[in-house]
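Have the model open and follow along.

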Amino acid sequence: MGKASLDLDYKIEILGEGARFDLCGSCGGEESRKRHPQGGWIYPVNLPDGGKKVNILKILLSNNCVHNCLYCANREGRGHPVASFSAEELASLFWHLYQRGMVKGLFLSSAVDRSPSWAMNEMLKVAEILRYRLHFSGYLHLKILPDVSNDYLEEAVKLATRVSVNLEAPTPQSLCQIAPQKNFFGIWQKFQWFESQKKKGLSAPAGVTTQLVVGGSKETDREIMHTTSQLYEHFGLARVYYSAFQPVADTPLSYKPPVSTWREHRLYQADFLLRRYNFSFEELIFDEEGNFPLSLDPKVLWANHHPEFFPVEVNSAPWEVLIRVPGIGTTSARRIINLRRESTFHDPKALSRLGVRIDKALPFILLNGKKIKRAEQLSLFA
């Protein structure tokens, strides 16, 4: 094996590992963080259009950073192995994997190598090679570096399927606690710019996403979800991703314990309530400290606090009422409405076959005017 091949393998290992902290998967995130059997830099994700799960190359252009965010594995001065691709190298690597059928798309991020403008320009070069020279028309996700000018943003949305810029924390104060060099309002203005360009017909087809580090600072779940609701309401973000803080050796926050992935999971569940279940931020229920209890699904928590809303008659409730029932999702609610035109639901088994989590739903529903008790349910399933 030649030196060039060894150098490429080294870069793939180092820069693929460094990219794992940028989330592109959905709730739970664990699958998108696992190493793929064919290599640690390939990740399975669901495409934004709701299509099938495909493998994408998820990698950094460089992990050599001029910033020193307190939580980051790539922070300046950490003493970690550094590597970087040229634009030509990375485009060639992706094209090789794509032609072999190993990947269908690219998620490209980078540390702030040399300067934000230099690193962003190199990422755009990769995208230009793929789009214009190699005529790649598939999924391309570009991470926007926070300090670049709007000119780079305009070029990125022309080239990418999806773009993202990481806010990292829900308030200026919490961002200062983990990344004192980053400007919260500067990042916020980028979301404003993306939204303003939609009116001019300039936007990435799959929209804009961001990521929040959960538990790196002293932020509460209430602060996180308030910021999330603002991003969805005012800027139409496609997704907000949540990453439970995990300490990295040789960083200033290495002493902090890891944040429970259950906290991350509850935030994703609350996020779904905002995005898909027509809940408002004001309807979310938090404990006295401003957090979600880890022991309860936020939807169940809301239901427990609104006994006047229940029980819901499955055979007559409209879609917007059905989706408020714990255990009934948007898909199962549509299935219920379609099937009840032909017949009446009498027992839980029929609902279960439609995807309803009957153990969660049972305390909150009526079936043809009858409330099924848990013991009765168990006999039906025996």
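Start with helix α4 (residues 116–133): at 1.5 Å a residue, its 18 residues should span 26 Å, and its end C-alpha atoms are 25 Å apart, so the two agree. The expected span here is 1.5 Å times one less than the number of residues. Helices (H or I, at least four residues) and strands (E, at least two) are DSSP runs, numbered from the N terminus. Keep in mind that this is a predicted model, where local features need pLDDT of at least 70, side-chain atom pairs count only at pLDDT 80 or more, and totals for chains, interfaces and linings use all residues. Residues are numbered from 1 along each chain as its sequence is written, and side-chain values use heavy atoms, leaving out hydrogens and water.

Which residues of α4 are buried? Among them are Met120, Met123, Leu124, Ala127 and Leu130, where buried means under 20% relative accessible area with a 1.4 Å probe, protein chains only. Their cover includes α3 (87–99), β3 (105–109), β4 (139–143) and α5. Just after α4, His135 takes a positive phi of about 60°.

Now hop to α7 (residues 184–198), with 15 residues reaching 22 Å from first C-alpha to last, close to the 21 Å expected. Its buried residues include Phe184, Trp188, Phe191 and Trp193. At the start of α7, a side-chain oxygen of Asn183 comes to within 3.0 Å of the backbone nitrogen of Phe185.

Finally, look at Lys58 in strand β2 (residues 53–60). Lys58 counts as buried because its relative accessibility is 0%.

Conventions. Buried < 20%, exposed > 50% of the residue type's maximum accessible area, 1.4 Å probe, protein only. Polar contact = N/O pair within 3.5 Å; in protein donor to acceptor, adjacent residues only side chain to side chain. Contact = heavy atoms within 4.5 Å.
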